[in-house]
Amino acid sequence: MENNFINISELNIQDPFVSIFPVGNDTLESIRQDMDTNGFDPIFPIIVWEGKNVVVDGHTRFAAAKALGLEEVPVLFKAFENEDDAVLYSFHIQRNRRNMSDDDILRCLELLDTIHAVPKKQKNLDSPKPTRKETNEIRAKELGISPHKVDKARKVLEYGTDDIRESVNSGEKSINKAFQEVQEIRRESGEIKGKPINGLGSAAKYTQTLGKFLKELTRIREDGWHDVSQEKALADLEAIIELIES
């Protein structure tokens, strides 16, 4: 497909595309400086929704070009059937070239769940609804993380307060930290069983035991998984996860 050069004023920036992976100030400044020195490299055009002139991918390049006052930019027009298809394309093309931060994961998990939600009138009553575990495994592959982390992020979205979710979106807290806070709130309300560990002695004992386990697991791995197979170790970890979440 051939690139086109069009006036930058003809391009439209709008949600949800601009919000999938927000433009970072450091990255923007780096690209702006490179573009100021070397020009806009047409090898990396802005991807534009054909017929709508909406920027689907290349928001940082667009912002850098606009900051430099460029009048024309290289674009590649791409046709999409609907907004969901365009959003999924934008997500996957950006996902493949970056490491997902926890705020990215939370935001994109919510986005993917919304897009993949099937309207009731379109549901096939003969098709069984995927289980939560199956859905988490699908999202894990899309996001490039573990199903366990997907489940933690989902609980933050489902049960977390606005403040907790915002703390992850702002980068103030990790998904793991936010998940722990959510579970603590649910315990205090009686929604889930179990009491928090407040005693320093109990916490220290747990930490020591965990340290011994990790040390032994490291030894087994370095020995080439002769004493215990890798499959066995992974199965044991799954059993631990089920025990914690039960």
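**Close-up views of a predicted model**

Taken across this predicted model, the count of salt bridges comes to 18.

**View 1. Asp 104 and Arg 107 pair within helix α5.** The two side chains meet in a salt bridge, at 2.5 Å from N to O. Asp 104 and Arg 107 are three residues apart in α5, so about one helical turn separates them. Asp 104 is buried, because its relative accessible area is 7%, below the 20% cut-off. Ile 105 also belongs to α5, which covers residues 102-116. With 1% relative accessibility, Ile 105 counts as buried too.

**View 2. Ile 105 and Asn 169 lie 9.2 Å apart in space, C-alpha to C-alpha.** Along the sequence, 64 residues separate Ile 105 from Asn 169. Asn 169 sits at the end of helix α8, which runs over residues 162-169.

**View 3. Helix α8 has a buried side and an exposed face.** Ile 164, Ser 167 and Val 168 are the buried residues to look for here. They share one side of α8, because the arc they cover around the axis is only 95 degrees. Turn to the face directed away from that buried side, and you will find Asp 162 and Asp 163, both exposed.

**View 4. Lys 155 and Asp 151 form a buried pair in helix α7.** Their salt bridge brings the closest N and O atoms to 2.6 Å from each other. The two residues are four apart in α7 (residues 147-159), so about one helical turn lies between them. Lys 155 and Asp 151 are both buried.

**View 5. Four charged residues are linked in a network.** Salt bridges join Asp 113, Arg 139, Glu 142 and Arg 154. As a reminder for this view, side chains of opposite charge can pair when their charged atoms come close.

**View 6. A negative patch lies on the surface.** Glu 81, Glu 83, Asp 84 and Asp 85 make up this patch. Glu 81 is found in the loop between β4 (72-78) and α4 (83-95). Its relative accessibility is 74%, so Glu 81 counts as exposed.

Terms used: Residues are numbered from 1 along each chain as its sequence is written. This is a predicted model: local features need pLDDT of at least 70, side-chain atom pairs count only at pLDDT 80 or more; totals for chains, interfaces and linings use all residues. Side-chain values use heavy atoms; hydrogens and water are left out. Patches are made of residues with over 30% relative accessible area and no salt bridge: like charges are joined within 9 Å, nonpolar side chains (Val, Leu, Ile, Met, Phe, Trp, Tyr) within 5 Å. Accessible areas come from the Shrake-Rupley method with a 1.4 Å probe; for residues, only the protein chains shown count as cover. Lys and Arg count as positive and Asp and Glu as negative; His and the chain ends are not counted. The place of a charge is taken as NZ of Lys, CZ of Arg, CG of Asp or CD of Glu. Buried means under 20% relative accessible area, exposed over 50%, partly exposed in between (1.4 Å probe, protein chains only). The arc is that of the directions from the helix axis to the C-beta atoms.
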